[in-house]
Amino acid sequence: MITASDLRKGLRIEFEGIPYIITEFNFVKPGKGQGIYTCKLKNLLNGATTVRNFRDNARFEEPDVEDKHLRFSYEEGDNLVFLDDAFEQISIPGSVLGDKKKLLVEDAAVAITFYNGQAIDVEMPTFVEKKVVHSEPGVKGDTATNVTKPATLEGGYILQVPLFVNQGDVVRVDTRTGEYLDRASRK
Amino acid sequence: MNVDNSILEQRHRVVRAIRRFFWDRDYIEVETPVRIPSPCLELHIDAEPAGNQFLRTSPELHMKRLLAGGSAKIFQIGPCFRRGEKGNLHRPEFTMLEWYRTGVGYMEALAETKALVAHVAKEVPGQTGIPWQGGRIELMPVWDSMTVRDAFIGAAGWDPVSKFDADRFNLDLVEKVEPSFSPERPTVLYDYPAEAAALSRLKPGDPSVAERWELYIGGMEIANAFSELTDAVEQRRRFEQCAEQRKARGGEVYPVDEEFLEAMERGIPECAGVALGVDRLVMLLTNLQSIGDVRIE
């Protein structure tokens, strides 16, 4: 059982049947009244945020949430297979990561959050390097800044890259945004 | 260190200005015990234990004993402790200014508070128009003032005086009433529901409200004041009621301060008292957002 006085930034609580993490926290006490705990809550299932005020008699369940630090091994059908430190295989549905699963590289270190035994979130390495397997050559003479073209990376991920990036180059991608960051090496 | 030197110096100048204000008005500066056997019984304030005693949550009861002993104008600046209170505006250890004056009521105390705020602002930051969170507050000359009843009817749509609901009162105060105050001027809420009287006397002629006010500036509660309750029988009844409520909530019940009640039985003259959060006043005058920016920790 979590009580109001336990509330703090970073704590995970279950509230109205939904697991949340507290991303911002403040305590206010009006006049000589009851303390009020203002929490910004992030829904662990869909990422939506909400601000709620709780009184000091509020009680919460501790959500059955566990973080596992794993390494990506391979993709098998719709599932992604990871290895833990003991080299045990742990398989999760690829849908948890959506299109970003295409940015996984072998042996990538990830943190997967499980809620009631189900994977609900995968924290990937912030940057990954991937080889461009297909991109049309940039049109010569078009030197305007911010002009981009589509490129397909190894694994099938498609993103916008600057015109100077060529097929065979290796690019760095920010996995938080899914966008091109810079060119890591030229062909 | 968490507080830089220029803030330390400004804090010093605020405290110096406060002392000068009271010295010039013939107040006596007092120091009452910090470690005490009987912290004041209040429903939502928890005392920090210190050995077989407690650290004071406010100097109120001791200062009123001095009034019973013949003091007429006293002030104190010192540490107070409240267990479990930590936020941008709260610390378990903080600095309180309290002053008491006999022969006056809560509205005279309000006029004096206004003079104090103006006096201190002329020292730090040096003028009564001050920057605050990207905006500006004019500390003088206009202070908005409204009864608790009117403020709640206007901002929350109900009257806490005719029917008090403690939980709803606190939440609506934070979520609806306080945000309705002008960000450009101080606001005073006065005449609290009798159920929220704390240690104030009920209004002569209208016992549904208590002679209590709270000062808000820049979204912060800066000071709380009472026409002090001086009726020992009523005071004992309130302590006993509070003890019952604390017990029902699973809180610790502190022994009643019998010496304080005896002093009240001997007689405390009609008086008013104000408690002002020094850390928050420094925050306001230095345009800093957290109590941790102005207190050494």
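This briefing describes a predicted model with a chain A and a chain B. The model scores ipTM 0.78 and pTM 0.83. Chain A has zero helices and 16 strands, while chain B has eight helices and 14 strands. Chain A is more spread out than a compact globule, whereas the radius of gyration of chain B agrees with the value for a compact globule.

**Chain A as a whole**

- The secondary structure of chain A consists of 16 strands and zero helices. Its radius of gyration is 22 Å, well over the 16 Å that the globule rule gives for 187 residues, so chain A is more spread out than a compact globule.
- Taken along the principal axes, the C-alpha atoms of chain A fill a box of roughly 70 × 45 × 20 Å.
- Buried residues come to 40% of the 187 residues in chain A.
- Among contacts in chain A with a separation of 6 or more, 40% are between residues 24 or more positions apart.

**Chain B as a whole**

- Chain B has 297 residues and a radius of gyration of 19 Å, which agrees with the value near 19 Å for a compact globule with that number of residues.
- The C-alpha trace of chain B spans about 45 × 45 × 40 Å along its principal axes.
- Of the 297 residues in chain B, 54% are buried.
- Residues 24 or more positions apart supply 68% of the chain B contacts that have a separation of 6 or more.
- Chain B exposes about 12,500 Å², and 49% of this area comes from carbon and sulfur atoms.
- There are 36 positive and 47 negative side chains in chain B, with the centres of the two sets 2 Å apart.
- The average pLDDT of chain B is 96, and 100% of its residues score at least 70.

**A strand residue in chain A: A:Leu181**

- A:Leu181 belongs to strand S16 of chain A, which covers residues 179-185.
- The relative accessibility of A:Leu181 is 37%, so this residue counts as partly exposed.
- Leaving aside residues up to four places away in sequence, A:Leu181 touches A:Phe127, A:Arg172, A:Val173 and A:Asp174.
- A:Leu181 and A:Glu129 are 52 residues apart along the chain, and their C-alpha atoms are separated by 9.8 Å.

**Positive phi values in loops of chain A**

- A:Asp107 is not a glycine, yet its phi is positive, near 75°. This residue sits in the loop between strand S9 (89-93) and strand S10 (109-115) of chain A. With a relative accessible area of 47%, A:Asp107 is partly exposed.
- A:Asn116, also not a glycine, has a positive phi of about 50°. Its loop runs between S10 and strand S11 (118-123) of chain A. A:Asn116 counts as partly exposed, at 47% relative accessibility.

**A strand residue in chain B: B:Met220**

- B:Met220 is in strand S13 of chain B, which covers residues 220-227.
- The relative accessibility of B:Met220 is 2%, so this residue counts as buried.
- Not counting residues up to four places away in sequence, B:Met220 is in contact with B:Leu89, B:Trp132, B:Leu215, B:Arg280, B:Met283 and B:Leu284.
- The C-alpha atoms of B:Met220 and B:Asn287 are separated by 12 Å, and the two residues are 67 residues apart along the chain.

**Helix H2 of chain B**

- Helix H2 covers residues 60-68 of chain B, and its buried residues are B:Glu60, B:Leu61, B:His62, B:Met63, B:Lys64 and B:Leu67.

**Cis peptide bonds in chain B**

- The bond from B:Val124 to B:Pro125 is a cis peptide bond, with omega near 5°. B:Pro125 is in the loop that lies between helix H3 (106-123) and strand S7 (129-132) of chain B.
- The peptide bond from B:Met140 to B:Pro141 is cis, and its omega is near 0°. The place of B:Pro141 is the loop between strand S8 (135-138) and strand S9 (144-147) of chain B.

Terms used: Residues are numbered from 1 along each chain as its sequence is written. Chains are lettered from A and ligands numbered from 1 in the order in which they are written. This is a predicted model: local features need pLDDT of at least 70, side-chain atom pairs count only at pLDDT 80 or more; totals for chains, interfaces and linings use all residues. Side-chain values use heavy atoms; hydrogens and water are left out. Helices (H or I, at least four residues) and strands (E, at least two) are DSSP runs, numbered from the N terminus. The radius of gyration is taken over C-alpha atoms; the globule rule is 2.2 Å times the number of residues to the power 0.38. Buried means under 20% relative accessible area, exposed over 50%, partly exposed in between (1.4 Å probe, protein chains only). Contact means heavy atoms within 4.5 Å. Accessible areas come from the Shrake-Rupley method with a 1.4 Å probe; for residues, only the protein chains shown count as cover. Lys and Arg count as positive and Asp and Glu as negative; His and the chain ends are not counted. The place of a charge is taken as NZ of Lys, CZ of Arg, CG of Asp or CD of Glu. pLDDT is the predictor's confidence in each residue, from 0 to 100.
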